[in-house]
Amino acid sequence: MHQFSIASDVDLTDPRLARYLTLVKDHLAIINDMASYDKEERASESSDGEQIINIVYVVQQVMSLPDVDSAKVMAYAYQLQTEAWMIEELQHLESEMWLGDQEWQYLEATYVCAAGNAFFSMTSSRYGGEVARLPGEDDKTFSPIPTRPSGNSASEDSLEKPSVGRHRFGLDDTCLVETA
């Protein structure tokens, strides 16, 4: 089985990866819910009172918080805690030295995916409307993926390849999403 576009044969049912992969899934869902809450709330108000099922709403109800802003703060705190747990789990996996390069490449890909999801959710007009629209996003030729400028004489072989494996995430005590 190949995961993503990295041609990985990593066994996703490997119990050593379970906690980390669960945390990544949680992070993706938390980010999506936080980014989409305002849009979902507007849709709910314009419909026949359709129920919002979203982490912000659930946190507000479960914790009996007085307002949505308080719930957003608590959901954001949970996002940051989830990121800290992800880093702790990666450090645990590193300390046990169980995993080979292929597993580390897969873990790095999932980590980058989580960071990319957070970036997209914060900068996409899908959730933030016109305020979040990237310049040129409405242009048919717009691509969020940077391309190499034409006329670059560097060959593919001369480019530094990203390293994969332990100590290669650039992890420290910071989170996936840096805040101002």
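**Helix packing, burial and backbone**

Guide: This is a predicted model. Serine 64 has a relative accessible area of 63%, so serine 64 is exposed.

Visitor: Where does serine 64 lie, and what is its phi near?

Guide: Serine 64 is placed in the loop between H2 and H3. Most residues other than glycine have a negative phi. Serine 64 is a residue other than glycine with a positive value, and its phi is near 50°.

Visitor: Is methionine 97 buried or exposed?

Guide: Methionine 97 sits in the loop between H3 and H4. Its phi is positive, near 50°, in a residue other than glycine. The cut-off for exposed is over 50% relative accessible area. Methionine 97 has 64% relative accessibility and therefore counts as exposed.

Visitor: Is leucine 99 buried or exposed?

Guide: Leucine 99 is located in the loop between H3 and helix H4 (101-123). Buried means under 20% relative accessible area. The relative accessible area of leucine 99 is 4%, so leucine 99 is buried.

Visitor: How many Å apart in space are leucine 99 and leucine 17, C-alpha to C-alpha?

Guide: In sequence, leucine 99 and leucine 17 are 82 residues apart. In space, their C-alpha to C-alpha separation is 9.5 Å.

Visitor: Are H1 and H3 roughly parallel or roughly antiparallel?

Guide: Two packed helices are described by the angle between their axes and the distance between the axes. For helix H1 (residues 15-46) and helix H3 (residues 68-96), the axes are 9 Å apart and the angle is about 160°. Angles over 145 degrees count as roughly antiparallel. H1 and H3 are therefore roughly antiparallel.

Visitor: What is the handedness of the crossing of H1 and H3, and how many charged residues does their contact have?

Guide: H1 passes H3 in a left-handed crossing. By class, the H1 contact with H3 has 15 nonpolar residues and 3 polar ones, and the charged residues number 8.

Visitor: How are H2 and H3 oriented to each other?

Guide: The H2 and H3 axes come within 8 Å, and they cross at roughly 110°. The range for roughly perpendicular is 65 to 115 degrees. The orientation of H2 and H3 is therefore roughly perpendicular.

Visitor: Which residues in H3 meet H2, and how many nonpolar residues does the contact have?

Guide: From H2, the residues are Ile55, Val56, Val59 and Gln60. On the H3 side they meet Val68, Ala71, Lys72, Met74, Ala75 and Tyr78. By class, this contact of H2 with H3 has 1 charged residue, 1 polar residue and 8 nonpolar residues.

Visitor: Which residues is glutamine 60 in contact with, leaving aside its neighbours within four places in sequence?

Guide: Glutamine 60 belongs to helix H2 (residues 55-62). Its relative accessibility is 13%, so glutamine 60 counts as buried. Leaving aside neighbours within four places in sequence, glutamine 60 is in contact with Leu65, Pro66, Asp67, Val68 and Ala71.

Visitor: How many aromatic pairs does the structure hold, and which residues form an aromatic pair?

Guide: The structure holds 1 aromatic pair. The pair is edge-to-face, with 6.2 Å centre to centre and 80° between the planes. The residues are tyrosine 78 and tryptophan 85.

Visitor: What is the relative accessibility of tyrosine 78 and of tryptophan 85?

Guide: Between under 20% for buried and over 50% for exposed, a residue counts as partly exposed. Tyrosine 78 counts as partly exposed because its relative accessibility is 34%. Tryptophan 85 also counts as partly exposed, because its relative accessibility is 28%.

Definitions and conventions
Residues numbered from 1 in each chain as written. Predicted model: local features only at pLDDT ≥ 70, side-chain atom pairs only at ≥ 80, totals over all residues. Heavy atoms only, no water. Axes fitted to C-alpha atoms, helices over the stretch in contact; angles between N-to-C directions. Helix = DSSP H or I, 4+ residues; strand = E, 2+ residues; numbered from the N terminus. Parallel < 35°, antiparallel > 145°, perpendicular 65-115°, else oblique. Left-handed = near helix turned anticlockwise from the far one by under 90°. Nonpolar A, V, L, I, M, F, W, Y, C, P; charged D, E, K, R; others polar. Buried < 20%, exposed > 50% of the residue type's maximum accessible area, 1.4 Å probe, protein only. Contact = heavy atoms within 4.5 Å. Phe/Tyr/Trp six-rings, centres within 6.5 Å; stacked < 30°, edge-to-face > 60°.
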